[in-house]
Amino acid sequence: MKAGRTASLVLLSVTTTFIVALEACLSFVKPLSAMSETMHLVVIGAVTCAGMSLLLIPAGIALDRSMARLRQYVERTTQDESDSAYYGPRWLQPITQSLLSAIEQFRTRERTLRNQIRDLEIRHRVTEVEQQQIKAVLNSLSDGVIVTDPFNEIVMANETAAEALQFALDGSIHQPIEVVIGDERIRQLISERRDSSNFSDHHVIDHEVAVGEGDARHVKMYDIALSCVENHKKEVGGVVTILHDRTRERELAQRETDFVSKASHELRTPLSSIRAYVEMLVDGEASDEKSRDEFYRIIQAETDRLGRLIDNMLNISRIEAGIVQIDRQQVDMKSLIKRAAETIEPQAREKDMTVLTKLAPVGLTVEGDPDMLYQVILNLLSNAVKYTPESGRVTISADSDNLTRSVLVSVADTGLGIPPDALPRLFEKFYRVENYKRVAKGTGLGLSLCKHIVETVHYGQIGIESKLGMGSRFWFSVPMRYAGVQEAA
Amino acid sequence: MTAKILLVDDEAHILQVLSLKLRNAGFDIVTAVDGEEAYELACQSVPDLIITDFQMPYMTGLELCCALKQNEATAEVPIIMLTARGYALDADDLASCNIKQVLSKPFSPKQIVALVSQQLQGMTHDGGTKGHSEAA
């Protein structure tokens with residue numbers, strides 16, 4: 001501004017001086033002095049205009065150049081983003097300075113915005129990855145997880161939870177729990193937890209959920225843990241509900257309790273006989289030699305029973321735990337059967353029974369543990385003799401099954417037969433057919449052990465066919481070659 | 001008059017040894033091998049006391065006790081329960097079925113004689129068992 005004012009003043013004084021000088025010159029030129037006043041003014045005006053033009057044209061050109069240079073400079077600076085030096089007239093420098101600082105400000109602002117956009121993009125990508133990770137983690141969990149917001153709407157859930165509470169995972173997000181979760185107790189727990197605003201402890205409760213329809217309907221047992229999520233304002237931002245399925249655990253615990261209870265019963269029974277008879281002997285309650293002998297005999301028999309029971313229990317648990325020593329070799333089933341039939345012969349003769357042996361005239365060799373297989377054969381024969389009335393008949397037969405490449409052994413009797421409802425439970429540990437408990441003594445473990453030896457140790461099969469009052473046929477098959485079957489199994 | 005005791009167990013050896021012990025102690029003994037037989041015997045001639053095993057075929061000891069409790073004639077007969085189970089019986093069951101004592105197997109025959117005498121004495125002296133069972 002100051003420069004402009006100075007320039008105007010200079011221009012004004014130059015013009016005035018020029019006019020005064022022109023006036024002085026004109027007064028000396030004769031023909032001109034004789035001119036009229038009007039003409040005089042016209043001449044002065046024309047000469048002044050011409051003089052001014054001579055002065056202003058170069059100034060205009062210079063200004064135009066400066067402006068072009070300034071424009072080029074601004075364009076260069078904007079495009080290059082480089083701070084090149086400015087070589088323009090000094091009087092234009094204030095404008096360039098303010099333009100430059102404006103450009104710089106815009107540039108800084110642009111840079112900040114770009115950085116912010118990049119940050120947001122990165123954050124968005126990270127969030128996306130995190131969400132995928134959370135989804136993967138949730139879906140790989142064996143526990144059900146449901147996350148709800150303060151309005152009791154589902155924010156997140158996994159397949160396990162959807163399956164447990166029978167809702168469709170797709171479409172459940174952002175839906176209120178009243179619409180998604182059918183189980184009223186769980187809905188109530190989530191609402192209560194949200195309203196409690198308790199962030200410190202994790203509330204765990206036992207809850208049973210009925211699943212399935214009709215015959216498939218059953219109850220599942222869950223441990224439900226609920227915890228509040230805190231938001232940035234330290235308020236309840238939602239509730240995380242975790243469903244831990246304990247059905248299998250409880251079943252196993254129940255099975256173990258049942259086993260211990262049954263085992264305890266089976267062990268205590270012979271033990272109580274032994275204890276009672278020993279006490280009677282010690283107290284001299286057996287008056288004569290005959291009674292004493294009978295007491296000794298009973299004690300011996302009950303001790304044997306206890307020993308057998310413990311052996312069987314240990315054998316079964318060793319096979320179940322996979323720590324049994326197996327002496328695998330080529331076993332001739334014919335000789336095992338003959339030996340077992342000879343062993344059982346005296347018991348059969350006592351009941352006036354016949355034991356028939358029918359062996360196919362082919363080689364019946366299997367790969368297995370001879371002692372264990374002998375135990376199976378003897379057990380089946382012993383059961384047949386025990387549960388068949390006097391003068392009955394027991395037939396043991398063996399043949400090879402070329403189709404399955406195995407040896408099939410069956411023990412048929414003319415005994416009591418087994419009630420249909422007892423058939424599926426026959427191989428359970430400690431299971432004994434009610435009506436037979438009085439017919440003969442047993443540990444309730446023999447058939448369970450046979451099943452373990454045949455199926456777990458030899459990869460064979462065991463089964464029974466029976467009709468009440470028409471006798472029973474127990475059979476088992478053992479593969480001739482162990483190696484191939486083991487791989488297939 | 002000798003007190004009559006009904007012994008119930010599906011284990012023949014137990015029946016045999018307890019019968020001998022209690023007979024030697026001067027009691028009159030009747031035996032049964034399961035709950036059904038025991039119930040019939042008890043109804044025919046009401047015993048002064050019953051000793052029964054818990055786990056038996058057809059009818060468990062507890063079912064026998066409940067059946068006896070339902071029958072007016074046998075409702076007040078005190079019962080001693082023998083059990084080979086690994087855990088305790090439910091206290092409500094015991095009280096509602098007139099079971100005075102539960103004895104875990106293996107037991108001592110001497111201990112049984114002592115318990116039987118104690119129960120029968122209690123009955124003759126103050127009739128306390130009757131009152132107790134009704135309260136239960």
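Q: How do the axes of helix H10 (residues 333-350) and helix H11 (residues 370-386) of chain A lie to one another, and within what distance do they come?
A: In this predicted model, the axes of H10(A) and H11(A) come within 9 Å and cross at roughly 35°, and H10(A) passes H11(A) in a right-handed crossing. On the side of H10(A), the contact includes A:Leu336, A:Ile337, A:Ala340, A:Ile344 and A:Gln347, while the residues that H11(A) brings include A:Leu373, A:Ile377, A:Leu381 and A:Val385.

Q: What makes up the contact of H10(A) with H11(A), by nonpolar, polar and charged residues?
A: The residues of this contact divide into 13 nonpolar, three polar and one charged. A:Arg339 is one of the residues that H10(A) contributes, and because Arg counts as charged, A:Arg339 belongs to the charged class.

Q: Why is H4(A) said to lie largely in the open?
A: A residue is called buried if 20 or more other C-beta atoms lie within 10 Å of its own. Of the 48 residues of H4(A), the number that are buried is zero, so the helix lies largely in the open. For chain A as a whole, buried residues make up 23% of the 489 residues.

Q: What makes S7 and S11 of chain A edge strands?
A: Five strands of chain A form an open sheet in the order S7-S9-S10-S12-S11, with mixed pairing. Strand S7 (354-359) and strand S11 (461-466) each have a single partner strand, so one side of each is left without a neighbour in the sheet. The twist from one strand to the next averages 15°.

Q: How do you know that strand S10 (residues 406-413) and strand S12 (residues 472-479) of chain A are joined, and which way do they run?
A: Two strands pair if at least two bridges are found between them; S10(A) and S12(A) are joined by seven bridges, so they meet that condition, and they run antiparallel. Within this arrangement A:Ser410 stands opposite A:Trp475 in S12(A).

Q: Which strands of chain A does H10(A) lie across, and at what angle does it run to S7(A)?
A: H10(A) lies across S7, strand S9 (393-401) and S10 of chain A, and runs at about 175° to S7(A). Helix H12 (residues 446-457) of chain A lies across S11 and S12 of chain A, at about 135° to S11(A).

Q: How many residues of chain A are in contact with chain B?
A: 20 residues of chain A are in contact with 22 residues of chain B. The largest share of the side of chain A that touches chain B, 14 residues, comes from H8(A). By class, that side has six nonpolar, six polar and eight charged residues.

Key: Residues numbered from 1 in each chain as written. Chains lettered and ligands numbered in written order. Predicted model: local features only at pLDDT ≥ 70, side-chain atom pairs only at ≥ 80, totals over all residues. Buried ≥ 20, exposed ≤ 12 C-beta atoms within 10 Å, placed from the backbone. Helix = DSSP H or I, 4+ residues; strand = E, 2+ residues; numbered from the N terminus. Axes fitted to C-alpha atoms, helices over the stretch in contact; angles between N-to-C directions. Left-handed = near helix turned anticlockwise from the far one by under 90°. Contact = placed C-beta atoms within 7 Å.
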